Amino acid sequence: MSLVVSGHRALPGLPVLLRRHWPLLPLAATVLFLLAPLPAGDATASGKVGPADAASLLLAFVCGVQALRGRVRALTPLGVLVLGTPAVGLAIATMTAGDPYAALPGFVRYLQVFVLVPAAVVLLVRDAAEFRLAAGCFVVLALVQGAVGVVQYATHTGASYQGQDVRAVGTFGPGDVMGMATVVAYGLIVATAVGLAPGLPRRVRRIGGAAALVLVLPLVLSFSRGVWIATAGAAVLVMVLAGIRRALKVLLALAAAGVVLVGGLGVGSDMVAERLTSITQVSSAPDQSVTDRYTMWAAAESMWRERPAVGVGLKGFPANRDGHSSLGLSSGSDTAGAGQAYLRQPLLSPHNMYLLILSEQGLIGLIALAGGWAALLVAGLRRLAAGEGIRDCGLIAIGLFVWQLTDFLYADIGGPSTVLTGVIIGLAAWWALPSPQDAGPPRGTAAMSGAFGGAGARGRAPGVAARP
């Protein structure tokens, strides 16, 4: 296992690779540990520390150790402000909550996802090679979870949907029906960006394009309307940023794949058609899930109006929900299948991240969190439009971040895959907020060719020239 560049041996083997990039092992584990299945019958992972969460805590610890040793990227004042401000808003929401002790678990969770994990990613990912390694973990996770989901549909061992156990949920189980759809969407966006990015070897682009096409099937079989919308929007944006001509080719390929899968092979055609039609019926003839969502949105807005500055406090939405909801709200959602008996799952959040923040943290929390996200998005788009940095990293970061911000319109944090939200914010911040150390030509784009075929590593071997 070696790579010879300019007459010198680069990457002599796996031990050298691990020595150079060992701080990234907890980051890779944070993503890949989501391959571990939830215990059968466990309808929710709320309040529990899973393997991926434990890995994220190790990631934060390693970042702290490396920071003390002076071996992390330097942050600009803007980076410190964007990454640190959410902690202030969270502290205020916790202290002003009706029951600060009950709000404390929420403070820890939010701090993990929106402060510690993003900061650790920004500080530990030193170059494009390591960024690509982190992004590649999303594709691996998506392919494995997607394969499990397709098998569940084919063998009728998935979650219950319209009376049949056909909904693809991967190893997340019916209690987290959005889990598999979310991680598959992440992998599809990364693969699409790799398939379209200029500057990467043709072989790598073809592999990325093939992976994106493969991931379309499990995404369809998840029957998750919100994920479909977010994925379509983010993928189209990545295509446009990569170039109109490339975008048209990919859109034609995706359309052909959809026709073959749904029209030709009849893969879930009736259910997919019904699910797509329901997207346009949210006002004329909404199903109960849509009615519940609108009712909880109204409840969240009512909570905010009651305490506009600081909200009702972290973890305060469930306790205040019934006092602000109409009679149209059901008692919960039905879950069954995939190894779990029928279970009624309570509705504990408004399924809109922005309204959840507004209701529990008020305007202070919304400005601290969403304001920082808006700053990252604008800075990232400006950097990509200016042609700075390595383009494929920018496409991946912007694609994932836009997907997450779009999904937050009808989803919020919860479940084992929540920790990936922090990783994605970290990757977006890594791209949008370049370190002062990054000035000058990009480092290490020849070594580590296995990481999407052209990214470099720390400490290049002598004579290894960087490729643009």
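User: Where is Thr94 in this model?
Analyst: Thr94 is in helix α4, residues 77-95. The model is a predicted one.

User: Buried or exposed? And what is the relative accessible area of Thr94?
Analyst: Thr94 has a relative accessible area of 9%, so it counts as buried, the cut-off being under 20%.

User: Which backbone oxygen lies 2.8 Å from its side chain?
Analyst: That of Leu90, which sits 2.8 Å from a polar atom of the Thr94 side chain.

User: And what does Thr94 touch, leaving out residues up to four places away in sequence?
Analyst: Pro100, Ala103, Leu104, Phe107 and Leu314.

User: Back to α4. Which of its residues are buried?
Analyst: Gly79, Val82, Leu83, Pro86, Gly89, Leu90, Ala93 and Thr94.

User: What covers them?
Analyst: The cover includes α5 (100-124), α14 (353-385) and α16 (418-432).

User: Where does α4 bend?
Analyst: At Gly84, by about 30°, and the proline Pro86 follows within four residues. End to end, from first C-alpha to last, the 19 residues of α4 reach 27 Å, close to the 27 Å expected at 1.5 Å a residue.

User: Different topic. How many residues are in the largest nonpolar core, and which have the most contacts inside it?
Analyst: The core has 76 residues, and Phe138 and Leu420 have the most contacts inside it. Helix α7, residues 177-196, gives the most to this core, with 13 residues.

User: What does Phe138 touch, again not counting residues up to four places away?
Analyst: Among them are Val183, Tyr186, Gly187 and Val190, as well as Leu420, Val423, Ile424 and Leu427.

User: What about a second core?
Analyst: A separate one has 39 residues, including Val113, Phe114, Ala300 and Leu358.

How values were computed. Residues are numbered from 1 along each chain as its sequence is written. This is a predicted model: local features need pLDDT of at least 70, side-chain atom pairs count only at pLDDT 80 or more; totals for chains, interfaces and linings use all residues. Side-chain values use heavy atoms; hydrogens and water are left out. Helices (H or I, at least four residues) and strands (E, at least two) are DSSP runs, numbered from the N terminus. Buried means under 20% relative accessible area, exposed over 50%, partly exposed in between (1.4 Å probe, protein chains only). A polar contact is a pair of N or O atoms within 3.5 Å; within protein, one must be able to donate a hydrogen and the other to accept it, and residues adjacent in sequence count only if both atoms are side-chain atoms. Contact means heavy atoms within 4.5 Å. The expected span of a helix is 1.5 Å times one less than its number of residues. The bend at a residue is the angle between axes fitted to the seven residues ending there and the seven starting there. A nonpolar core is a set of buried Ala, Val, Leu, Ile, Met, Phe, Trp, Tyr and Cys residues joined through side-chain atoms within 4.5 Å.
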